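Good morning, and thank you for making time for this presentation. I would ask you to keep the structure in view while I speak.

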Amino acid sequence: MRVLIATDAWRPQINGVVRSLERMIQAAPDFGATAAALTPEGFRQIAMPSYPDIRLALATRRALAERIAEFGPDHIHIATEGPIGWLTRAVCLAQKRPFTTSYHTRFPQYVAARWPIPESWSYRLLRRFHGPAAAVMVSTATVEEELRGHGFQKLVRWGRGVDLDLFHPRPHSVLDLPRPIFLSVGRVAVEKNLDAFLSLRLPGSKVVVGDGPARADLQRAFPEVHFLGVKEGEELAAIYASSDVFVFPSLTDTFGIVLLEAAASGLPVAAFPVQGPRDVFAGSGAAVLGEDLRNAAMQALRIAPETAMELAARHSWASSAAQFYGHIRRVAREAGYLPREQPAASAASGFTAFASGRGAEGRAPRRLPA
C-alpha cells in the first residue's frame, strides 16, 4: 500500500508535527506500506507572515496533481491546513478520492495571538477544510471534545510517542549552570507563551532550547536566561537529562511531544492545567499543573525521576503508528481498496521518504530515487 502524506510542515522546520510525520513514514514498512511526504520542497516558496522561518509553497493545483500522479498513492493523508494541504484537498475532491486529515495545531488561538481575527472565523475555515475527510485524526480526548463542540465530525484518535532509546537519564551533565535548572524546549514564538516562564522568579538557572521569531526580543528582555538555539538528537537528549524540571508554559498546544521527551529523560513537568499537559499527565503524578506556574515548578522538584519515566514508557511510536495506519486501512477498505502484493519501492523526485522502518531520531529523510 502506497501512502502519500501531504504537509506544509517539513525540514528544516523542527517541531512536533514534522517529528510525528517522520516517524509515521519510518514505520510504514512495519505496516505493509510505502510512505512518502509531499512537501513544499521543489516549489517556489515565500516566507510566512510574522514567521519568516516557515516557508509556504507557491504551487498550482495542476502541478500538485502531477506530483500526486507520479507517486501513484493508494491513500492520501493531509497533515496541515497550509497551501500544500488545501491544494491536495482540492485534487482529492476533484478526483473523488477519499482522504484523511489530522489536526495538529490550534490555529484559531495561534492566529488570534498575532492578529485581531475572531476564533469563530478560524474554526469556520478549519471546519470547511476537514469536513470532506473520511477521518480527522486528533491527538487527545480534550482536542476531540473541543472540536466536536465546534461542529467537527468523523474524529478519531491518533496518539503520539517518544523514542525511549534516545531520551533517558544520563550519568553526567552537559550543563555547567547553577541548580536547579528549569528547561523549556520548543518553538520560540508568541503562541508558546514563553514570557510566563521566563518572567518567573526561580532559583538556579533557566534554559531555553529552540528558535523562532520571538527569540531576539526575549533574549533582550531576559538576558539572564540561557538561550541555546536549536538542538537535536543526542545533544538535545543530553540537555534534557542534565536539567531538573521541564517548564511548559504553552496554552495552545494540542499535545506537546516535548512533554514525553522530558518525562522519558526523568524530568518532572510544570505546566498550566490546559489541554496537552492535562491529557498527557492525567493521574500519573509526573507533573504539577496549576495556574501558579512558579509554584508548580518548585513543587515539581519533589517528583522522583522514576515517576516521569514510568509515564513516558506508556507512549511508544509503534503504538502511534498502529493507530495512524489502522485509520488509513479502515478508510481504504471502506473505499473498496485491496492492498497490492508487491508495493513499489521508488518514487518520483519531489517526494521524501525513509528507506526503511528503522531510523535515528532527528536524521533527515532520504530522497527516494526517481
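Before we turn to the sheet, one definition is needed: two strands are said to pair if DSSP finds at least two bridges between them. Please also bear in mind that this is a predicted model.

Six strands make up an open sheet, and their order is β11-β10-β9-β12-β13-β14, with parallel pairing. At the edges stand β11, residues 226–229, and β14, residues 287–289, each of which pairs on one side only. From one strand to the next, the twist averages 25 degrees.

Consider one pair in detail. β13, residues 269–271, is joined to β14 in the parallel sense over three bridges. Within this pair, A270 is opposite V288 of β14.

Two helices accompany the sheet. Helix α9, residues 233–241, packs on the sheet and touches β9, β10, β11 and β12; its direction makes about 145 degrees with that of β9. Helix α10, residues 257–264, lies across β9, β12 and β13, and runs at about 170 degrees to β12.

I now move to a pair of helices. How are α3 and α5 oriented to each other? The axes of α3, residues 83–94, and α5, residues 119–130, come within 10 Å and cross at roughly 45 degrees. The two helices are therefore oblique to each other. On the α3 side the meeting residues are G85, W86 and R89, and on the α5 side they are L125, R128 and F129. Sorted by class, this contact holds three nonpolar, one polar and two charged residues.

Helix α3 also contains T88. Is T88 buried or exposed? Its relative accessible area is 0%, so T88 is buried. The T88 side chain reaches the backbone oxygen of I84 at 2.7 Å. Leaving aside residues up to four places away in sequence, T88 touches A6, L38, L64, I68, I76 and I78.

Which residue's side chain does H75 join in a polar contact of 3.0 Å? The partner is the side chain of T100. Beyond four places in sequence, the residues touched by H75 include M1, R2, V3, L4, P98, I328 and V331.

Note on methods. Residues numbered from 1 in each chain as written. Predicted model: local features only at pLDDT ≥ 70, side-chain atom pairs only at ≥ 80, totals over all residues. Heavy atoms only, no water. Axes fitted to C-alpha atoms, helices over the stretch in contact; angles between N-to-C directions. Helix = DSSP H or I, 4+ residues; strand = E, 2+ residues; numbered from the N terminus. Parallel < 35°, antiparallel > 145°, perpendicular 65-115°, else oblique. Contact = heavy atoms within 4.5 Å. Nonpolar A, V, L, I, M, F, W, Y, C, P; charged D, E, K, R; others polar. Buried < 20%, exposed > 50% of the residue type's maximum accessible area, 1.4 Å probe, protein only. Polar contact = N/O pair within 3.5 Å; in protein donor to acceptor, adjacent residues only side chain to side chain.
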